[in-house]
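Thanks for coming, everyone. I would like to take a few minutes to walk through one structure, region by region, and I will give the cut-offs for each term as we reach it.

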Amino acid sequence: MTDFLLELRSEEIPARMQAGARTELEKLFRAQMSAAGIEAGDLTIWSTPRRLALIAKGLPEATAAVSEELKGPRSSAPPQALEGFLRKTGLTQDQLEDRDGVYFAVIDKPGRATAEVLAEAIPAIVRGFAWPKSMRWGKESASSESLRWVRPLSGIVAIFGEDLVACEVSGISAGFATRGHRFHCPGEITIGSASDYAEKLRACHVIVDHEERQSIIRDGAAKAADDAGLTLVEDEGLVIENAGLTEWPVPLLGRFDETFLEVPPEVIQLTARVNQKYFVVNDAGGKLANGFVCTANIDAVDGGAEIVAGNRKVLAARLSDARFFWEQDRKTKLEDHAKKLDRITFHEKLGNVADKVERVAKLAEWLASEGIVPNCDPALARKAAELAKADLVTEMVGEFPELQGLMGGYYARAEGLPDAVADAIRDHYKPVGQGDDVPTAPVTVAVALADKLDTLFGFFREDMFPTGSKDPFALRRAGISSLRLILQNGLKLSTDAAATQWLGQSDPAAQLNEKQIADRKILTTIPDFLTERLAVQLRETGISADVVQASREWNSRDDTRLDRTEARARDLQAFLATEDGANLLAGYKRAANILKQAGEVSATAAATPLTDADAALLAALDAAEPAASAAVAEERFTDAMAALASLRAPIDAFFDGVMVNDPDETVRAYRLGLLARFTGAVHGVADFAKIEG
């Protein structure tokens, strides 16, 4: 068994593409080996800004010889069938075997030297490599057939054991030579085998293992900060990016002018991170300090003093721009910034951002005034919504779109607006992702929920639904965020009521035109959409989708209050997991089937029970129906399930003790009526017909 080394060297590979390139290299190599009958086993794949490397350990010296058997036509088949089979196999008729009147072709394939397989595989891997962006170069680039690569490919190392795998790709021949660090060791290095590759490069100031470089940056940046009495603000994405930009990383601490700290800390961090790839640091009190950690790519003879000085100048220029934006934006009030929102198109069918702001403001005010968001001042909710998008036209957000909302909050506070308004402007986009915090401050909740519902209502009214994996307007995210705001804040919101308010159709006496009637489709599509999202979320807690549907559709109605659907689903799932719940479901299914076959049945029972089993079920229904109904009305779903549980034994005894379809029409009608009352009582709590099993 022999080890194989492949290095593909090029000009700088963008850091953001390196993880994908490692995955692509592994995929293509395994595919090539598998096609040749070689099991690749464990692979080691590394990347630096200037190279991709793969080491495959324990490859066989040669592929195994194989014998392939193909069944052909019968010997009595027409000549054309035999001729086609011979063309397919490349054999002659006398090379075929006749087995009981059927031709078989036995093709022996001798083993091949693995080095030969690799020599064919390497060009195929290089030419088949999928980069997010690639380029052609040199004289050959005029042809569309020329090699495409992320950056000009400059060298290939391909060694099997200690032998060169001779191959060539677009004029670049494989060899033993690679190059070390661009500055510390720019000359050629001769690699002897896979075993000495990493250490020879290390001796020439190249750490080829990207994970080792990440550890050096992570630990070195933290130490540099700690040595200065500071704490590094951890940023794993920045660690990975810096590792993708360096081959010999050296973290260095620098300082910037303290006067820049008057700029919001998020602006400083984003300026340092996005523009310069620097880490920021906090002081002992946890506040942003006037320090940064940059990652050099060389071991400087002066300990990095000149590098830090140069980086300080560049960062100072960036921070000066940020401070200018901060000062300029504050010269204009948010309400004046908001007047420019009509210049920004939200969507061609939904108007501009100013139109959206007005819709959100009305909905937020309604959520507050109706008490749906408790303890929320309607005037503050409207004010916050009217100003929530104003920072979109500021200089700072124009430079850093990631700061939208956040900067609006800072500007609101700077001009003396109430904290509740400033906080709502800052946080109204939340929750953005699954791990994001859910706002709880009343004004923030009202504005955030109104913003997301407006997006859903608007796009659904225009029939722009997410389909399959396509969701260009992030409507699924808006739906999940709405759910989290509703459920984690315990909001008793009917989506029907919210949609009707949004449509301007809250007056029940108003006559609706054809367009307004068509718009009301969102009254069904929105609950369906949000219930699907709820089912997905609850599935992770062990609640099945059919239980969610059963909890939404009950007593012949669709419940559009999602908090009630969730609470009912949790209690129903727990109930069905008990023996009483499982047996009651079975009894319900049996009763429903009997009633389905019987057709229309009156739920009014005869005055006098006919048997003890009839009497027991009737008495249980008389007690359970009002108890369950009262519990549902008061949203005590656990108590409602307990009331249903009291029906379990009587319905079991009923089925065991009587014949429902009695020959006597009066008796049959009486017992069918009891079953109709039983299923009706169950439906008063949840739609058991939706439950599988």
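This is a predicted model: local features need pLDDT of at least 70, side-chain atom pairs count only at pLDDT 80 or more; totals for chains, interfaces and linings use all residues.

Asp100 is exposed, with a relative accessible area of 76%, where buried means under 20% relative accessible area, exposed means over 50%, and partly exposed is in between, using a 1.4 Å probe and protein chains only. This Asp100 lies in the loop between strand S5 (97-99) and strand S6 (102-109), and its phi is near 55°, a positive value in a residue other than glycine. Helices (H or I, at least four residues) and strands (E, at least two) are DSSP runs, numbered from the N terminus.

Residues are numbered from 1 along each chain as its sequence is written, and side-chain values use heavy atoms, with hydrogens and water left out.

A positive phi also turns up at Asp463, where the value is about 60° although the residue is not a glycine. Asp463 sits in the loop between helix H15 (442-461) and helix H16 (475-488), and with a relative accessible area of 47% it is partly exposed.

Staying with H15, Pro442 belongs to that helix, and at 28% relative accessibility Pro442 counts as partly exposed. Leaving aside residues up to four places away in sequence, Pro442 touches Val373, Pro374, Asn375 and Cys376, contact meaning heavy atoms within 4.5 Å. Between Pro442 and Asn489 there are 9.2 Å in space, C-alpha to C-alpha, although the two are 47 residues apart in sequence. In the loop between helix H14 (419-427) and H15 we find Pro431, and the peptide bond leading from Lys430 to Pro431 is cis, with omega near -10°.

H14 brings me to helix packing. Two packed helices are described by the angle between their axes and the distance between the axes. The axes here are lines fitted to C-alpha atoms, for helices over the stretch in contact, and the angles run from 0 to 180 degrees between N-to-C directions. Helix H11 (residues 378-387) packs with H14 at an angle of about 45°, their axes being 9 Å apart. H11 and H14 are therefore oblique to each other, given that angles under 35 degrees count as roughly parallel, over 145 as roughly antiparallel, 65 to 115 as roughly perpendicular and the rest as oblique. On the H11 side the contact involves Leu380, Lys383, Ala384 and Leu387, which meet Ala420, Val421, Ala424 and Ile425 in H14.

After H13 comes Gly416, with a positive phi near 85°.

What is the angle at which helix H25 (residues 648-657) and helix H26 (residues 665-683) pack? The angle is about 155°, with the axes 12 Å apart, and H25 and H26 are therefore roughly antiparallel to each other. From H25, Ile651, Phe654 and Phe655 meet Arg671, Leu674, Leu675 and Phe678 in H26.

Let me finish with the strands. Strands of a sheet pair through backbone hydrogen bonds, either parallel or antiparallel. Strand S1 (residues 2-10) is mostly covered, eight of its nine residues being buried. Seven bridges join S1 to strand S3 (residues 51-59), and the two run antiparallel, two strands being taken to pair if DSSP finds at least two bridges between them. S1 also pairs with strand S7 (residues 153-160), in the antiparallel sense and over seven bridges. Phe4 stands opposite Ala56 in S3, and Phe4 stands opposite Phe160 in S7.

Elsewhere, four strands form an open sheet in the order S13-S15-S16-S14, with antiparallel pairing. Its edge strands are strand S13 (231-232) and strand S14 (250-255), each of which pairs on one side only. S14 is joined to strand S16 (residues 288-296) by six bridges, again running antiparallel, and the bridge partner of Pro251 in S16 is Thr295.
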